[in-house]
Each structure stands twice: as structure tokens, then as C-alpha cells.
Amino acid sequence: MNSKFRPVVIIIAVMILLPNLTGCSKSRKKLTERTVFAMDTYIKVSLYEDDGSVFDEIEESIRETESRLSVTDPDSDISGVNKANEYTVSDNTAGVIKRALELCEETDGALDISIYPVVKQWGFTTGEYQVPDDGTLKELLKYVDYKKIILDGNTVRTEDGMEIDPGAVGKGYMGDVIAEIVERHGISSGIIDLGGNIRTIGKRSDGSDWRVAVRSPDGTGILGIILSSDESVITSGGYERYFIDNDGNIRWHIMDPSTGSPVSNGVVSVTVVGSEGIRCDALSTALFVMGKDDAVSFWKKKRDFDMIIVTSSNEVYITPGLAERFEQSSDDFRYYVIENI
Ligand code: AMP
Ligand code: MG
């Protein structure tokens with residue numbers, strides 16, 4: 001089958017509820033914002049600071065990071081890796097690949113950054129959507145195995161046909177990069193919105209937590225609000241990018257590396273909350289792939305992050321630490337605290 005489908009739909013999964021400005025008037029520092037379009041999304045950095053000088057450094061760093069990690073820019077480090085069997089990348093890119101490979105291992109391959117040949121075949125890179133036949137997928141899956149990516153210093157070695165896709169970890173990593181700059185400048189309050197993936201810095205200027213809204217998984221309303229400070233809040237939602245095939249099935253952009261097809265296990269969104277953005281991003285994708293039961297088992301073993309899983313039958317599974325600081329906005333869902341199931 002090789003026909004075209006409906007255009008891509010991208011809906012922001014999480015949005016920030018900006019602070020009540022009257023609370024800020026007591027502070028000398030004002031809320032200053034800069035928005036940069038990068039990584040296919042609007043990155044909005046809002047900081048309480050004095051003179052705005054930090055923003056140029058942030059913008060430069062966003063552009064630099066994107067130019068290294070982009071899969072479409074032919075001059076990026078990732079394109080270099082994807083075109084050759086051996087390619088030497090910058091220190092930062094080597095750091096991202098190293099951490100991403102550890103996360104592929106931690107999630108037992110539910111995250112697999114070598115998924116790119118499969119993602120391309122389904123048309124998610126171009127919008128020319130198609131459902132590949134089984135033979136094609138079987139052939140492409142030969143190139144999907146993160147264990148065959150060898151990082152030796154800054155040199156990346158891959159086998160013929162293998163290609164890396166940092167899309168499942170890039171925005172989380174970008175949040176870490178921006179937060180590091182902000183903190184180095186001694187700025188203790190701010191919020192970074194990377195197309196719905198949020199990084200909170202400190203608390204709001206009035207001392208209260210940031211309020212981060214998690215969208216309901218059909219993208220129409222708000223599931224609830226997380227009270228947040230100094231952490232990443234990252235959501236993988238099937239609804240963020242998908243097409244409907246000729247048989248009426250929703251095919252979204254999160255792939256099961258064991259089948260080469262979009263995940264279809266009843267999970268419709270996963271939000272992960274934790275300190276390290278790149279890991280939260282990796283886990284949001286990987287837990288989506290694992291499905292609810294395996295994701296809950298994974299969490300019970302680790303307990304070093306929080307999560308919200310929403311299923312297609314409107315069930316919401318939330319970790320106890322997050323349940324305490326989550327304000328439910330919708331009665332359309334049944335809530336389960338994970339410790340009790
Ligand atoms: P996210 O929105 O963080 O869940 O990332 C989804 C993106 O990561 C997709 O658009 C693909 O580019 C890529 N991707 C899809 N499935 C996987 C997977 N199982 N492992 C790694 N990357 C993936
Ligand atoms: Mg992710």
C-alpha cells in the first residue's frame with residue numbers, strides 16, 4: 001500500500017499556566033521571555049532576571065544544539081553518522097549519544113535510537129505517509145539495534161544501513177542545556193516550554209510552585225495540573241503526530257522497535273516527571289512502547305521518577321509522589337494511584 005493519508009496533526013501536549021502577574025510586582029525582577037523556533041517547535045524561555053543578557057547565550061546554544069542533532073540538516077553530526085560507517089562528532093553530540101545508548105539499555109530496547117529507517121519508511125519524516133508491507137519492515141528491522149552503535153571517544157561506528165534518530169530524547173536534552181545556562185547565570189526562577197515539554201527552574205517569584213497543565217490525550221482539554229519546581233515534565237502523546245490509514249486505523253509516530261510498527265497497546269499518553277530532561281524524554285517514549293503493565297513494573301523497580309499513563313479506556317495511572325501534587329481537572333477519567341494496583 002502506498003497511498004497518501006491525511007496531513008500530520010501536531011498538538012501541544014502540555015502547556016504552562018503563566019503566573020499571576022500581580023504576584024510578581026513585589027519582585028524587582030521581571031518576567032522576560034524569548035521564543036526560538038527550533039527542533040520543529042517553538043521553544044519559549046521565560047525567566048525572572050535583570051537585564052535579558054542571558055537570552056542571547058541561550059538562543060545561540062539552542063541553534064548550536066539543533067545544528068548538531070538535526071536529522072534533516074545535511075551538515076549536522078547526526079547526518080554525518082547516518083551517511084557513514086564511522087564519523088567523529090562534537091563533544092556534546094557524543095554526550096547525547098552516550099546517554100541515549102545508556103537509556104536504550106535501561107529500557108531494554110523499548111527506546112531504540114536506531115529506529116530511524118523505520119520512522120522514515122512510514123513517512124513520518126516527510127508527511128508522505130504509507131503503511132509498509134511486512135517484508136519491507138522485516139528487512140528494515142535488520143538495521144534497528146542500538147547495540148550495534150559503537151561509541152569510541154567521539155567516534156560513532158555503525159553498520160551499513162543503520163541510522164540514528166535522536167527525536168525521542170532531543171527536546172528533553174535541550175531543556176537540560178538551557179537549564180544549565182540559566183542556573184550558571186544565577187537565575188533561580190523560570191520556566192522553559194519546549195513545544196509542550198516543560199522544564200521548571202525554581203519556583204515562581206511569589207514562592208509558589210509552577211503550575212504545569214497536562215493536556216487530556218485527545219488534545220482538547222486539560223487532564224490536570226502538576227505543581228512543579230526544578231524538574232522536567234515531558235509527555236509522549238500518540239496524538240501529537242499521526243495519520244489515519246486506509247482501514248481507518250490511527251498510526252502514530254511512536255514505534256515498537258520489536259515490530260517496526262506504531263505502538264498499539266492501549267496507551268495514549270505518558271507523562272514523565274524527573275530531574276534529568278533527557279532521561280524523562282527517553283522514558284516517556286519507552287514507557288509508551290512498554291504498555292501500562294510493563295511500565296508500572298518498570299517504575300516499581302526504579303522509583304526515581306514520576307509518571308502519568310493515560311489509556312484509551314480513559315484510565316489514568318499516576319505514581320504516588322505525583323498524585324500528591326496533581327490537581328485533577330476532568331471527571332472523564334478514572335484515576336488509579338500506582339502503588340495501590
Ligand atoms: P517522543 O515524542 O519523545 O515520544 O519521541 C517520538 C519520536 O521519536 C518519533 O517522532 C520518532 O522520531 C522517534 N521514535 C519513535 N519511536 C521510537 C522508539 N521506540 N525509540 C526511539 N525513538 C523513537
Ligand atoms: Mg521522548
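The points that follow describe the two ligands and the residues around them.

This is a predicted model, in which local features need pLDDT of at least 70 and side-chain atom pairs count only at pLDDT 80 or more, while totals for chains, interfaces and linings use all residues. Residues are numbered from 1 along each chain as its sequence is written, chains are lettered from A and ligands numbered from 1 in the order in which they are written, and side-chain values use heavy atoms, with hydrogens and water left out.

**Surroundings of ligand 1**
- Ligand 1 is surrounded by 16 residues (each with a heavy atom within 4 Å of it), and the closest are Asp 165, Ser 236, His 253, Met 255 and Thr 285.
- Helix H8, which spans residues 277-290, gives the most to this shell, with three residues (helices are DSSP runs of H or I with at least four residues, numbered from the N terminus).

**Polar contacts of ligand 1**
- A polar side-chain atom of His 253 lies 2.9 Å from an oxygen atom of ligand 1, a polar contact being a pair of N or O atoms within 3.5 Å.
- A backbone N or O atom of Ala 110 lies 3.0 Å from a nitrogen atom of ligand 1, and one of Ala 168 lies 3.3 Å from an oxygen atom of ligand 1.

**The magnesium ion (ligand 2)**
- The protein donors of the magnesium ion are Ala 168 (O), Asp 281 (O), Asp 281 (OD) and Thr 285 (OG1), lying 2.1 to 2.5 Å from it; donors are N, O and S atoms within 2.8 Å of the metal (3.2 Å for Na, K and Ca), and sites may look incomplete because water is not among the atoms.
- Asp 281 and Thr 285 both belong to helix H8, where they are four residues apart, about one turn of the helix.

Notes:
A polar contact is a pair of N or O atoms within 3.5 Å; within protein, one must be able to donate a hydrogen and the other to accept it, and residues adjacent in sequence count only if both atoms are side-chain atoms. Helices (H or I, at least four residues) and strands (E, at least two) are DSSP runs, numbered from the N terminus.
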